[in-house]
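Visitor: I am new to reading protein structures. Could you walk me through this one?

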Amino acid sequence: MTTAEFIEKYKNDDVKKLALMGAKFPDVDMVFALNQIAGWQTAREKLPAWAAHEGITYPPRISMEQCSSEQTAKYKADIVQRIVSQQRENASTSFEDCFIDITGGFGVDFSYMAKGFPKAVYVERQEHLCEIATKNFKALGLNQAEVVCGDGTEFINSMKPLFFAYLDPARRDSHGARTYALEDCTPNILELKNTLLEKAQTVMVKLSPMIDWHKTLADLGCATELHIVSVKNECKELLVVMSQEETTHTEVFCVNDDDIFHFRNTDDSSASSSILSEAIQPDNILYEPNVSLMKAGCFGLLCERFGVKKIGAHSNLLISDETVDFPGRRFKIMAVSSMNKKEMKGALSGISKANIAVRNFPLTAEELRKRLKLKDGGEHYLFGTTDSANNHIILICKKV
């Protein structure tokens, strides 16, 4: 059996068990085969279009873990095409209609963003990733792709000005620990910013979802757009778009799958939250903003646009009398209880299990679950929180 035949036959099997079968297949490059099977199994969920495509070569596990998902790569491609279509309308002979990714990696982001460009350059320092990228771009039909093995920050200096540059800087230090600050990224964005903007009309940087976006915008000083990107309510990345054009504000996009909430950072700074002053009632509608909105912290704008109010100053849960089309989860409040044991017992009568979350509450979700002696799951959702009068309360809800 050849290596290719082994991969095809066993690609759905457990990789750990396959690793024990090496002696039975002396003609198979087992290390390569197992790596390809593990990579394909990851791609089946993360990159379904690639997994369905014949001829794709997968990199070692760490590169598969770090690469973008198909969904986030497509979103970035949409940003690029929107901006570049505007640039082409105002085309200047001083800028080449070209895209460059100076931190190529596995090449997922590049493969989506490069589409539509007559020329696209992928730059990566690791030779094995360049070899993989060369094969994969050919298999994907990206015939305009140029693969360069080298330092992207050095290579971009040799290019003439172009339309769009992208980078996804490494966010780990020399010991492998995660880093979040701009100056701790490799390459250092703050040091490289001016050079990038001299060489590219527009620059997009992918950053950790843990980074302080307010400080990031202040440090950069030239961001035209900020995208907080989540998939299935899990924050995946922050994208900062920088331009040579001067701007007095940044357009902020809070993205969770198909939900996009857009505002200007100047709007956010001037908005103030409406806080509920009256008692919470059964049949009120409770809203939990999606994780991108939580990251943005734009609760004042949410109150203004949707006519909702915050339960308390620091609870980050919102409420209204009537249901509104809100970007997040919606619940109908069935009962409200204090932390009084007798009152809790009455409010939870007939409930043996529930989904529990806490917002601005002295107990963790697990501690609250133990105190209430409830199993996980079911149709009920419990929120432990603090109201505007600083009372610790429990909201017993069902999804709307």
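Predicted model: local features only at pLDDT ≥ 70, side-chain atom pairs only at ≥ 80, totals over all residues.

Visitor: Which helix gives the most residues to the lining of the second largest pocket?
Guide: The pocket has a volume of about 400 Å³. Helix 6 (70–89), strand 5 (200–207), strand 6 (223–231) and strand 7 (234–243) each supply at least two lining residues. The top contributor gives 4 residues, and that is helix 6.

Visitor: How many charged residues are in that lining?
Guide: The second largest pocket is lined by 16 residues. Those nearest its centre include Gln86, Thr224 and Glu245. By class, the lining has 2 nonpolar residues and 9 polar ones, and the number of charged residues is 5.

Visitor: Is Lys76 buried or exposed?
Guide: Lys76 has its place in helix 6. Away from its sequence neighbours, Lys76 is in contact with Ser68, Asp109, Met113, Tyr166, Met204, Glu237 and Leu239. Its relative accessible area is 0%. The cut-off for this class is under 20%, so Lys76 is buried.

Visitor: How far apart in space are Lys76 and Ala49?
Guide: Start with the sequence: Lys76 and Ala49 are 27 residues apart there. Now go from C-alpha to C-alpha, and the distance in space is 16 Å.

Visitor: How many residues of strand 5 are buried?
Guide: Look at its partners. Strand 4 (residues 162–167) runs parallel to strand 5, joined by 5 bridges. Strand 7 pairs with strand 5 in the antiparallel sense, over 6 bridges. Strand 5 is mostly covered, and its buried count is 8 of 8.

Visitor: Which residue in strand 7 is the bridge partner of Lys206?
Guide: Strand 5 and strand 7 are antiparallel partners. Trace the bridge from Lys206 into strand 7, and the residue there is Leu239.

Visitor: Which strands stand at the edges of the open sheet of 7 strands?
Guide: The order is 11-12-10-13-16-15-14, with mixed pairing. An edge strand here has a single partner strand, so one side is left without a neighbour in the sheet. The edge strands are strand 11 (309–310) and strand 14 (353–359).

Visitor: How many disulfides does the count come to?
Guide: A disulfide is a covalent bond between the sulfur atoms of two cysteines. The rule needs a sulfur pair within 2.5 Å. By that rule, the count is 0.

Visitor: What is the nearest cysteine sulfur to that of Cys67, and what is the nearest to that of Cys303?
Guide: Cys67 is in no disulfide, and its nearest cysteine sulfur, 16 Å away, is that of Cys130. Cys303 is in no disulfide either; at 9.9 Å, its nearest cysteine sulfur belongs to Cys298.

Visitor: Is Arg369 buried or exposed?
Guide: Arg369 lies in helix 16 (residues 365–372). Beyond its sequence neighbours, Arg369 is in contact with Ala354, Asn355, Ile356, Leu374, Lys375 and Asp376. Its relative accessible area is 12%. That is under the 20% cut-off, so Arg369 is buried.

Conventions:
Residues numbered from 1 in each chain as written. Heavy atoms only, no water. Buried < 20%, exposed > 50% of the residue type's maximum accessible area, 1.4 Å probe, protein only. Contact = heavy atoms within 4.5 Å. 1 Å grid on protein atoms, 1.4 Å probe; cavity = no way out; pocket = protein on both sides within 12 Å on 5 of 7 lines; lining within 4 Å. Points joined across faces, edges and corners; volume = space filled by probe spheres on them. Nonpolar A, V, L, I, M, F, W, Y, C, P; charged D, E, K, R; others polar. Pairing = 2+ DSSP bridges. Lists of a residue's contacts leave out its neighbours within four places in sequence.
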